[in-house]
Amino acid sequence: MAPSRSGPRLEALRRQELARSYEDGGEHYDRIRPGYPAEAVQWLFAGPRSAAAGPGARVADIGAGTGKYTRSLAAAGYRPTAVDPSADMLSQLQQILPGVPVLQGTAEATGLPSSSMDAATVAQAWHWCDPIAASTELARILRPGGILGLVWNQLDVSVPWVHRYSRIIHAGDVLKPGFRPVVGPEFSPDDSHVTRWSQQMTPEDLMELAKSRSYYLSAGGPVRDKVMANLAWYLFEHLEYRPGQILELPYLTLSWRMVLSGG
């Protein structure tokens with residue numbers, strides 16, 4: 001008897017369902033989600049095996065969304081091309097970065113020419129991808145010696161109040177200690193890096209941030225109401241924050257650098 005494949009299939013379907021929750025709402029996402037510190041971008045392209053991705057290099061920013069990481073690439077002197085499945089997200093990106101080429105596509109089917117890029121970056125999106133199919137596609141578009149950068153922003157849950165906040169909003173992108181992203185055999189792991197930083201937020205911003213999460217976006221009305229009620233109690237009653245109070249929300253940016261094997 002053939003082994004059942006319902007588990008992985010259901011997992012893939014759930015991943016697609018959650019990913020689709022981001023197809024609209026680009027303006028809200030761009031306003032409330034954090035950007036990326038310059039240090040994280042500088043580290044990614046500074047490795048001894050990253051000579052093919054020096055300043056001015058062509059970088060495919062996959063799952064670019066509204067261009068949070070794309071902006072950091074452009075600011076650092078790279079030439080990004082933004083790829084994302086959401087036309088709404090890309091329209092937001094074009095308003096902010098009108099000179100950056102955009103392409104509606106996915107990590108598994110970018111639509112980019114073969115051997116056309118020096119590097120590919122996937123920030124806050126690799127968990128939405130099929131890592132094996134995506135690795136094959138990204139290896140196709142990279143030139144020999146090209147690099148793949150996988151990047152996550154996550155809440156710094158070592159801070160107690162942030163840990164409880166992340167539980168209330170069901171922040172699923174808080175990676176477990178020892179996590180290593182899965183990639184295909186086309187890439188060899190090179191190094192990893194953690195950047196610690198913070199973003200200024202108000203309690204109201206923290207509630208809006210919860211609304212940008214896939215758990216909230218894919219939930220029904222009763223679940224959404226419960227999340228908001230729990231947050232209001234936690235922030236204003238338990239922690240006694242004042243409306244409009246400026247807080248420092250600590251983040252970690254976790255970056256992994258991969259090198260195209262045989263490059």
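Here, a residue is called buried if its relative accessible area is under 20%. All the views below come from a predicted model.

**View 1. One face of helix α5 is lined with buried residues.** Helix α5 covers residues 87-96, and M89, L90, Q92 and L93 are buried in it. Look down the axis of α5 and its buried residues fall within an arc of 155°, so they line one face of the helix. At the N-terminal end of α5 sits a cap, S86. A side-chain oxygen of S86 lies 3.4 Å from the backbone nitrogen of D88.

**View 2. Seven strands make up an open sheet.** Follow the strands across and you get the order β3-β2-β1-β4-β5-β7-β6, with mixed pairing. At the edges stand β3 (102-104) and β6 (187-201); each has a single partner strand, so one side of each is left without a neighbour in the sheet. On average, neighbouring strands of this sheet are turned by 20° against each other, direction ignored. As a bit of background, strands of a sheet pair through backbone hydrogen bonds, either parallel or antiparallel.

**View 3. Strand β5 pairs with β4 in the parallel sense.** Here β4 (residues 117-123) meets β5 (residues 142-155) over six bridges.

**View 4. Strand β5 pairs with β7 in the antiparallel sense.** This pairing runs over nine bridges. Look for W152, which stands opposite L254 in β7. How many of the 14 residues of β5 are buried? Twelve are, so β5 is largely enclosed by the rest of the structure.

**View 5. Helix α6 lies across several strands.** Helix α6 takes in residues 131-141. The strands it lies across are β1 (58-62), β4, β5, β6 and β7 (247-260). Against β5, helix α6 runs at about 135°.

**View 6. H238 belongs to helix α10.** This helix spans residues 221-238. Is H238 buried or partly exposed? Its relative accessibility is 42%, so H238 counts as partly exposed. Which residues does H238 touch, leaving aside its neighbours within four places in sequence? H238 is in contact with R164 and W233.

Conventions
Residues are numbered from 1 along each chain as its sequence is written. This is a predicted model: local features need pLDDT of at least 70, side-chain atom pairs count only at pLDDT 80 or more; totals for chains, interfaces and linings use all residues. Side-chain values use heavy atoms; hydrogens and water are left out. Buried means under 20% relative accessible area, exposed over 50%, partly exposed in between (1.4 Å probe, protein chains only). Helices (H or I, at least four residues) and strands (E, at least two) are DSSP runs, numbered from the N terminus. The arc is that of the directions from the helix axis to the C-beta atoms. A polar contact is a pair of N or O atoms within 3.5 Å; within protein, one must be able to donate a hydrogen and the other to accept it, and residues adjacent in sequence count only if both atoms are side-chain atoms. Two strands pair if DSSP finds at least two bridges between them. Axes are lines fitted to C-alpha atoms, for helices over the stretch in contact, and angles run from 0 to 180 degrees between N-to-C directions. Contact means heavy atoms within 4.5 Å.
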